[in-house]
Amino acid sequence: MSDEPESVSAARGVTPDSLLHTGGSDNPSAEDLVLASGRDLTPKNLQWAERRLAREGRSAIDKALP
């Protein structure tokens, strides 16, 4: 976590650490996985994400995030 106050981070255009999360308490959608992996929202990419979520579950999005 950053030692900087949120106001300093926000002023520089950086997302404060307190707002960063993977959403571990929810079920990610195919759209979430596509966006987390840096891909465009296309029907082909959404189908890829749906298959991956069906195969890997929640861990699919965790693997896509740094």
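Reader: In which helix is Ala60 found?

Author: This is a predicted model, in which local features need pLDDT of at least 70 and side-chain atom pairs count only at pLDDT 80 or more, whereas totals for chains, interfaces and linings use all residues. Residues are numbered from 1 along each chain as its sequence is written, and side-chain values use heavy atoms, with hydrogens and water left out. Helices (H or I, at least four residues) and strands (E, at least two) are DSSP runs, numbered from the N terminus. Under this numbering, Ala60 is found in helix α4.

Reader: Is Ala60 buried or exposed?

Author: Leaving aside neighbours within four places in sequence, Ala60 is in contact with Leu33, Arg52 and Leu53, a contact being heavy atoms within 4.5 Å. Buried means under 20% relative accessible area, exposed over 50%, and partly exposed in between, with a 1.4 Å probe and protein chains only. Because its relative accessible area is 0%, Ala60 is buried.

Reader: Which residues make up the largest nonpolar core?

Author: A nonpolar core is a set of buried Ala, Val, Leu, Ile, Met, Phe, Trp, Tyr and Cys residues joined through side-chain atoms within 4.5 Å. In soluble globular proteins, nonpolar side chains tend to be buried together. Here the largest such core has eight residues in all, namely Ala30, Leu33, Val34, Trp48, Ala49, Leu53, Ala60 and Ile61.

Reader: How far apart are the end C-alpha atoms of α3?

Author: The expected span of a helix is 1.5 Å times one less than its number of residues. For the 14 residues of α3 this should give 20 Å, and the model agrees, with its end C-alpha atoms apart by 20 Å.

Reader: Against which elements do the buried residues of α3 pack?

Author: The buried residues of α3 are Asn45, Trp48, Ala49, Arg52 and Leu53. Seen down the helix axis they fall within an arc of 130° (taken from the directions from the axis to the C-beta atoms), so they line one face of α3. On the other side, Pro43, Lys44, Ala54 and Arg55 are exposed. The buried residues pack against α2 and α4.

Reader: What distance separates the backbone oxygen of Asp40 from a polar atom of the side chain of Asn45?

Author: Asn45 is found in helix α3, where it is buried, with a relative accessible area of 14%. Not counting residues up to four places away in sequence, Asn45 touches Val34, Arg39 and Asp40. Between the backbone oxygen of Asp40 and a polar atom of the Asn45 side chain, the distance is 2.7 Å.

Reader: What is the N to O distance of the salt bridge in which the side chains of Glu56 and Arg52 meet?

Author: A salt bridge is a side-chain nitrogen of Lys or Arg within 4 Å of a carboxyl oxygen of Asp or Glu. Glu56 and Arg52 both lie in helix α3, four residues apart, which is about one turn of the helix. Arg52 counts as buried at 17% relative accessibility, whereas Glu56 is partly exposed at 23%. The N to O distance of their salt bridge is 3.4 Å.

Reader: Which residues are linked in a network of salt bridges?

Author: The count of salt bridges in this model comes to four. One of them joins the side chains of Lys63 and Glu56 at 3.3 Å, N to O, and Lys63 is exposed, with a relative accessible area of 56%. The residues linked in the network are Arg52, Arg55, Glu56 and Lys63.

Notes: A polar contact is a pair of N or O atoms within 3.5 Å; within protein, one must be able to donate a hydrogen and the other to accept it, and residues adjacent in sequence count only if both atoms are side-chain atoms.
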